[in-house]
Amino acid sequence: MNADQPSDPISPASSENSASDNSATEIVTAEKPVSTWQQMKTAEDWWAIWIGGFLLVFCLFAVLAYVPSNLGEQIEEAKAAGEKFALTSPLKNVFAKPGAWGQLPPKNEEGSEAETTEPVDYYGNPIDAFWSGDKSRLPGILCVFGLALVLFGLAISAAGGNFWGFAGGFTFVFVLATGAYVLASQAFVKHYNLEYALWALAAGLLISNTVGTPRFARPALRTELFIKTGLVILGAEVLISRLIELGVPGIFVAWVVTPIVLISTYAFGQKVLKIESRSLNMVISADMSVCGVSAAIATAAACKAKKEELSFAVGLSLTFTVIMMIVLPAVIKMLGLSPVLGGAWLGGTIDSTGAVAAAGGMLDDIALEVAATVKMIQNILIGVTAFGVATYWVTCVEAKKDENGAGVKPDAGEIWRRFPKFVLGFVAASIVFSIVYGAWEHGPLLVETVVKDSTKTLRGWFFCLAFVSIGLETNFRELAKFLKGGKPLILYVCGQSLNLVLTLFMAWLMFEVVFREMTDNLLGR
Amino acid sequence: MNASANDKPSLRGWLALLTVICAVVLLWGFVFPAWTASPQFQQRQALREEQGIDLAAFFYTDLDSIENRQHLDAMREQRPWALWFPWSSEEVSPTNDSTAPAE
């Protein structure tokens, strides 16, 4: 990745991904063929798989090594005592990130809630973000820093880069990422779903657009490597068996409506709005229809979107998420929809997972459960989306043209050469962890422990590093050009309107007509 | 206002950076904590904490509430096929109150 080119694609041009993302009519220039073996040793896509795969296996085996031999008995005992058995990873405190601060005052010794009816003079010290009770989070944060530095440094060295040059810049990027986490963890900021991605992006943008990105930091701006590694790790959370947790209604609301909205919005952007950048169109369509920032990241990497396109799509999604999180529950109450129907509508339409839960919680517990479950099923769709988009891109969008200007169907070798390989790592992680989850009696407990105690902290850091890097490489003028003519905004609004109508119709059909009895049962009607 | 890596940072750039940093310190250090301290905010926050809602959740695995679905779990336990067949009305345990959440 050449840092001096602000419009670099998310996927590096160094390997197989140098085709233009903007036009199917563009003829892909002949590239010097690089063997797969060579790519495996040097390409960022492959290194994302090696690093992500290594971390997943390491975290999985760390838990497996500590699984008690009488696990079944312990679970039964806990059940008999009316408690929930919890397995703890030995890595739980080894990896950490800044935690929430400015929260409610801690509980007193009797364990009762602190008095909240009287205003508190002042509390909320940012230093609290580095403490969890009386335990410091700093060693855990430094451990993530050290591990990431070594692993990413290895990848840089393998690609012919300078490790020490990378190390200096990485420290700078990591400090900014830590700052972004601290800003995002403030109680008030958190309350309005202003995620770390926004602050990471803002921190990078602020520096690059005021004093300029320091020269020493440039070797560490490896957006693609951070994002793709984070996505491979995220694959462990895409558990296919969780797809069936809301049965037929859940599948119809999340897995039938969502692809229809995604494809329709993309087609609308291309045919009606004639948006120049196909990748921007795709990223906005995916983050609006699937699940916000996580879908935007996965799709941007799969369709080789430009960094500023991802930034723009994320900003758009976060803005509308905050609006929808506040407005939709009020609309549901006004229309008098049942909590089940309302929850399903919220889960299928609001982009961000956290905002879905908050909006559902504004209605009642049943709405919260249904909304969160629909969102979870939709979250799982990002694996299929990333794979589908990557395949569509290499087979259709980047298709070569013959001398008559007609599209030439690429052969299998060409598809393999152009395919973003990290998607394979993402899908493989999903399949392996889904098998562990479903095939072993204690699989759910094991996978839950691996993810909650270790891998989700790591993927959070990697995405945060990626957004800081994007900010440090982006010029405001590059972002401002997307607002010209307002086409992306129109695309989002029209796509989201379709999403709202279709999801409401499908949720009504499923929960109020076909599965009416189930809904009545759930509501005690 | 943009300064590339090759440019020497301008005084204007440094001033802009300092201004934003001051604004951040003011907002995060004083304004937001003051708003956070209001009783209404604290009540809303306490409710969300009780419900297991993390607004910063990036993926479903970040939500504690996803593993705590009492109403859905209770219904699934009593009517295992209710979510698959619309005509499945048979309860596993007819004596149970099918609407009661699991304890």
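Guide: What follows is a chat about terms and the values behind them. This is a predicted model, in which local features need pLDDT of at least 70, side-chain atom pairs count only at pLDDT 80 or more, and totals for chains, interfaces and linings use all residues. Residues are numbered from 1 along each chain as its sequence is written, while chains are lettered from A and ligands numbered from 1 in the order in which they are written.

Visitor: You just said "helix". How do you know where one runs?

Guide: Helices (H or I, at least four residues) and strands (E, at least two) are DSSP runs, numbered from the N terminus.

Visitor: And Val238(A), why is that one called buried?

Guide: Its count is 28 other C-beta atoms within 10 Å, so Val238(A) is buried too. Val238(A) sits in the loop between α8 (223–234) and α9 (247–272) of chain A. Leaving out residues up to four places away in sequence, Val238(A) touches Ile380(A), Ile382(A), Gly383(A) and Ser430(A). Touching, or contact, means that the C-beta atoms of two residues, placed from the backbone, lie within 7 Å.

Visitor: What does Phe467(A) touch?

Guide: Not counting residues up to four places away in sequence, Phe467(A) touches Ala197(A), Ala200(A) and Leu201(A). Phe467(A) lies in helix α18 (residues 443–473) of chain A, and with 32 C-beta neighbours inside 10 Å it counts as buried. The C-alpha atoms of Phe467(A) and Ala197(A) are 6.0 Å apart, although 270 residues separate them along the chain.

Visitor: Why is α7(A) said to be largely enclosed by the rest of the structure?

Guide: Because 14 of the 15 residues of α7(A) are buried. This helix covers residues 196–210 of chain A and reaches 21 Å from its first C-alpha to its last, close to the 21 Å expected at 1.5 Å a residue. The expected span is 1.5 Å times one less than the number of residues. Just after α7(A), Gly212(A) takes a positive phi of about 90°.

Visitor: How many residues of helix α14 of chain A are buried?

Guide: Eleven of its eleven residues, so by the cut-off for buried helix α14 (residues 353–363) of chain A is mostly covered. Those buried residues pack against α12 (307–335), α13 (339–349) and α15 of chain A together with α2 of chain B.

Visitor: What is meant by a nonpolar core?

Guide: It is a set of buried Ala, Val, Leu, Ile, Met, Phe, Trp, Tyr and Cys residues joined through C-beta atoms within 7 Å. The largest one has 178 residues, and those with the most contacts inside it are Ala177(A), Ala180(A), Ala200(A), Cys464(A) and Val468(A). Helix α15 (residues 365–397) of chain A gives this core its largest share, 18 residues. As for Cys464(A), its contacts beyond four places in sequence are Ala177(A), Ala180(A), Tyr181(A), Tyr196(A) and Ala200(A).

Visitor: How many residues of chain B are in contact with chain A?

Guide: 51 residues of chain B are in contact with 67 residues of chain A. α1(B) gives the most to that side of chain B, with ten residues. The side divides into 30 nonpolar, 15 polar and six charged residues. Here Ala, Val, Leu, Ile, Met, Phe, Trp, Tyr, Cys and Pro count as nonpolar, Asp, Glu, Lys and Arg as charged, and the others, Gly among them, as polar.

Visitor: Which elements does chain B have?

Guide: Three helices and zero strands, in the pattern α-α-α along the sequence. Of its 103 residues, 26% count as buried.

Visitor: What is the average pLDDT of chain B?

Guide: pLDDT is the predictor's confidence in each residue, from 0 to 100. Chain B averages 78, and 78% of the residues score at least 70. Among its elements, α3(B) has the lowest mean pLDDT (84) and α1(B) the highest (92). Over residues 1–6 of chain B the pLDDT stays under 50, and over residues 93–103 it is below 50. Where pLDDT is low, the predicted coordinates should not be read in detail.

Conventions. Buried ≥ 20, exposed ≤ 12 C-beta atoms within 10 Å, placed from the backbone.
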